[in-house]
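Look at the structure below.

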Amino acid sequence: MIDVLYRSVPITSEILIQLQDFSCGIGAMDDILHSQNLLAGLSENEMSAYFVYAPNGELIGFYVLDIIGLEIKDNDYDDFLDVVDIACLAVRKDYQRQGVGSAILKKIYDQAEQMNPQGLYLHVEALSLDDASYSAVPFYEKNGFIYIAPAGNDIIRMLYKMHSA
């Protein structure tokens, strides 16, 4: 595993330029990261963006957290939870499968503990079952997330329960 450095900094034009060169290999996620609307979307929704750098200063990861209320209704759950939403988590393609994603999740767990939510929530969205986004599902399962319910045809909702409700 490589060492990583975490920075929560305002999104500036320099950061947006770095994001233009960033690719996680998943087209839809790259489109979001390359969007000029990213800054406005983060500001409007009061989300917190974090940037992950290699020791050489290269941007190798990016994640966005938000605190939301989540209603879950399916066979296993019928609950309303206060959760930290992992709105975006991306690792630069040439740094994948080197422990960076797991290191980012550990950092997110540590940050979330300070916020005292009942869980961490995320969703994986794909255009088709062959979409590379679905390769993230086993990664999240390995890191303690469970499948909770479909949110739509192409969306898999996952939850990491931190505290018993």
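Predicted model: local features only at pLDDT ≥ 70, side-chain atom pairs only at ≥ 80, totals over all residues.

Residues are numbered from 1 along each chain as its sequence is written, and side-chain values use heavy atoms, with hydrogens and water left out.

Start with the core. In soluble globular proteins, nonpolar side chains tend to be buried together. A nonpolar core here is a set of buried Ala, Val, Leu, Ile, Met, Phe, Trp, Tyr and Cys residues joined through side-chain atoms within 4.5 Å. Buried means under 20% relative accessible area, exposed over 50%, and partly exposed in between, with a 1.4 Å probe and protein chains only. The largest such core has 25 residues, and Leu89, Ile108 and Phe145 have the most contacts inside it. Seven stretches need naming here: strands S2 (48-53), S3 (59-73), S4 (78-91), S5 (119-125) and S7 (155-161), with helices H4 (100-115) and H5 (136-142), each give two or more residues to this core. H4 gives the most, with 6 residues. These elements are DSSP runs numbered from the N terminus: helices are H or I with at least four residues, strands E with at least two.

Leucine 89 shows how the parts meet. Beyond its neighbours within four places in sequence, leucine 89 is in contact (heavy atoms within 4.5 Å) with Met29, Phe62, Tyr63, Ile104, Leu105, Ile108 and Tyr140. Apart from this core lies another, of 14 residues, including Cys24, Leu33, Ala49 and Leu59.

Now H4 itself. Its 16 residues should span 22 Å at 1.5 Å a residue, and the end C-alpha atoms are 23 Å apart, which agrees. The expected span is 1.5 Å times one less than the number of residues. Buried residues in H4 include Ile104, Leu105, Ile108 and Ala112. An α-helix has 3.6 residues a turn, so residues three or four places apart point the same way. After H4 comes asparagine 116, with a positive phi near 55 degrees.

Turn to the rings. Rings of Phe, Tyr and Trp (its six-membered ring) pair if their centres lie within 6.5 Å; planes under 30 degrees apart count as stacked, over 60 as edge-to-face and the rest as tilted. The structure holds 6 aromatic pairs. Tyrosine 50 and tyrosine 63 are stacked, at 4.9 Å centre to centre and 15 degrees between the planes. Tyrosine 50 lies in S2 and tyrosine 63 in S3, so this pair ties together parts 13 residues apart in sequence. Tyrosine 50 is buried at 14% relative accessibility, and tyrosine 63 is buried at 0%. Phenylalanine 145 and tyrosine 160 form a tilted pair, 5.6 Å centre to centre with 45 degrees between the planes. Phenylalanine 145 is buried at 2%, whereas tyrosine 160 is partly exposed at 23%. Ring pairs link Tyr109, Phe139, Tyr140, Phe145 and Tyr160 into a cluster.

Last, the cysteines. A disulfide is a pair of cysteine sulfur atoms within 2.5 Å, and the count comes to 0. Cysteine 24 is buried at 5%, and cysteine 88 is buried at 8%.
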